[in-house]
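Me: Got a model open here and I'd like to walk through it. Can you take my questions as they come?

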Amino acid sequence: MKLLLLGNQARAMSNFWSVLIARAVADGHEVVCAVPPLQPSDAPVWEAALTGLGARLVHYPLDRKGLNPFHDINTILALRRLIQAERPDRLFTYTIKPVLYGAYAAALAGTPARAHRTLMIAGLGYAFEADSPAKRMLRRITGKLYRLAFALSGTVYFQNRDDRKLFERRSIIPPSIEVRMCRGTGVDVERFAPAPLPPLPPDGPAVFLFVGRLLEAKGLRELCRAASLLKERNAPVVIRILGPAETGLGAVPLEEITALRDNGIIEYLGETTDVRPFIAQAHALVLPSWREGTPCSLMEGMSMGRAVVAADAPGSREVVHHGDNGLLVPLRDPEALADAMATLAGDPERLRLMGQAGRRLALEEFDAQTVAAGLLAGMNLEGGEAAR
């Protein structure tokens with residue numbers, strides 16, 4: 001069969017869906033990956049990684065963060081032409097605009113059949129991250145758009161219970177769609193193998209690594225404030241930030257981060273195509289995000305044997321078992337975040353035990369092979385010829 005995988009970035013698709021793509025190809029299916037064209041600042045390695053898995057790559061126009069309806073209509077029409085040309089047997093979409101516009105375009109194209117259109121809610125985005133009059137209005141509009149996309153699709157996967165409850169509470173989910181749960185994209189537990197912990201205080205500082213885009217909704221400003229508090233206390237803690245700069249709604253200006261770096265508050269590492277060496281050099285992962293689908297950076301850190309510190313928020317609370325594999329702190333509370341990191345920095349044995357617990361959890365619940373098998377089986381694609 002032909003599977004059309006629709007996403008908003010080659011980088012994210014190659015990072016998070018490579019196991020599913022490779023498994024589908026190994027089962028004899030044709031996989032077509034549809035993403036927007038690379039921007040000048042993007043690394044071609046991400047597209048090369050997708051084709052290296054045996055997938056075929058196609059492009060469509062997408063303004064990931066813009067709110068211009070004419071641009072979005074152009075995206076829907078381009079996707080309809082793409083779907084009509086490809087005529088996939090199965091359509092799998094994730095992230096907000098591909099989910100919405102992919103569903104509309106498939107309905108306009110008349111293929112694949114509604115029952116074979118699968119949506120993945122991988123996070124709710126800007127409108128659901130905080131409260132303001134503008135965001136409340138945007139939430140109402142987005143809710144109506146989701147309701148229509150769901151009515152045009154066969155199955156929707158939620159990555160966490162909070163998002164599902166929110167959609168149920170807002171009456172967004174129609175009775176016609178099948179609702180399932182999924183552990184996000186999972187984590188490749190072989191690729192993200194355990195790594196020895198670096199030296200801890202007093203032999204060196206405890207290193208906490210943030211991996212993510214430079215967005216306020218990732219809790220970046222709370223993290224930077226916590227870093228300032230730790231600096232004032234002369235705590236043996238280093239905060240490292242790894243991730244690409246962002247522009248548009250909700251972005252934290254790169255200049256703000258580099259100013260903190262220049263003042264010795266944080267270390268900014270830029271971006272990378274491989275996070276594993278940076279995780280190996282850290283003692284724990286930190287993510288004070290306001291809301292996640294399922295936080296991949298935390299799962300990757302857990303798989304490599306690292307403790308995690310996160311805000312007690314949707315998505316993050318699904319993977320952090322407080323006191324077992326990490327610590328949860330109140331949302332948007334820099335003082336509590338600083339206290340949690342200082343606590344772990346002063347307890348090397350606890351850091352080690354939490355890292356071991358995280359690795360066990362990754363193996364038991366977040367293995368990308370298990371997640372991919374479940375998704376392919378849900379689309380009746382698992383097992384190649386047998387799935388026909």
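Me: Let's start with Arg11. Which ring face does Arg11 lie over?
Reply: Arg11 is over the face of Trp46, 5.1 Å from the ring centre. A charge counts as sitting over a ring if NZ of Lys or CZ of Arg is within 6 Å of the ring centre and within 35 degrees of the ring normal. Keep in mind that this is a predicted model, where local features need pLDDT of at least 70, side-chain atom pairs count only at pLDDT 80 or more, and totals for chains, interfaces and linings use all residues. Residues are numbered from 1 along each chain as its sequence is written, and side-chain values use heavy atoms, with hydrogens and water left out.

Me: And what about Arg332, which ring does its charged end sit over?
Reply: That would be Trp290, with the charged end of Arg332 at 3.9 Å from the ring centre.

Me: Switching to ring pairs. How many aromatic pairs are there?
Reply: Eight. Rings of Phe, Tyr and Trp (its six-membered ring) pair if their centres lie within 6.5 Å; planes under 30 degrees apart are stacked, over 60 edge-to-face, and the rest tilted. One of the pairs is Phe158 with Phe167, which is edge-to-face at 5.4 Å centre to centre and 80 degrees between the planes.

Me: Are Phe158 and Phe167 buried or exposed?
Reply: Both Phe158 and Phe167 are buried, where buried means under 20% relative accessible area, exposed over 50% and partly exposed in between (1.4 Å probe, protein chains only). Ring pairs also join Phe158 and Phe167 with Tyr146 and Phe150 in a cluster.

Me: OK, the sheet. What's the strand order?
Reply: It's an open sheet of six strands, β10-β9-β8-β11-β12-β13, with parallel pairing. The edges are β10 (267-268) and β13 (326-329), each pairing on one side only. Two strands pair if DSSP finds at least two bridges between them. Strands (E, at least two residues) and helices (H or I, at least four) are DSSP runs, numbered from the N terminus.

Me: How many bridges join β12 to β13?
Reply: Four, between β12 (residues 307-311) and β13, and the two run parallel. Among the partners, Val308 is bridged to Gly326 and Ala311 to Val329.

Me: Which way do the β13 residues point?
Reply: Gly326 and Leu328 point one way, Leu327 and Val329 the other, and all are buried.

Me: Where's Thr185, and what does it touch?
Reply: Thr185 is in the loop between β7 (178-181) and β8. Leaving out residues up to four places away in sequence, Thr185 touches Phe16, Trp17, Gln159, Cys296, Ala368 and Val371. Thr185 counts as buried because its relative accessible area is 9%.

Me: And Leu220, where is that?
Reply: In helix α8, and buried at 0% relative accessibility. Leu220 touches residues including Phe210, Ile241 and Val252. Phe210 is ten residues away along the chain, with the C-alpha atoms 8.7 Å apart.

Me: Last topic, salt bridges. How many does the structure hold?
Reply: 25, each a side-chain nitrogen of Lys or Arg within 4 Å of a carboxyl oxygen of Asp or Glu. One of them is Arg164 with Glu168, closest N and O atoms 3.2 Å apart. Arg164 and Glu168 are four residues apart in helix α7 (residues 161-169), so about one helical turn separates them.

Me: Which salt bridge links distant parts of the chain?
Reply: Arg233 and Asp339, at 2.9 Å, N to O. Arg233 is in the loop between α8 (220-232) and β9 (237-242), and Asp339 is in helix α13 (residues 334-345), 106 residues apart. Arg233 is partly exposed at 41%, and Asp339 is partly exposed at 39%.

Me: Which residues make up the salt-bridge network?
Reply: Lys2, Glu30, Arg56 and Glu86, joined by salt bridges that share partners.

Notes. Contact means heavy atoms within 4.5 Å.
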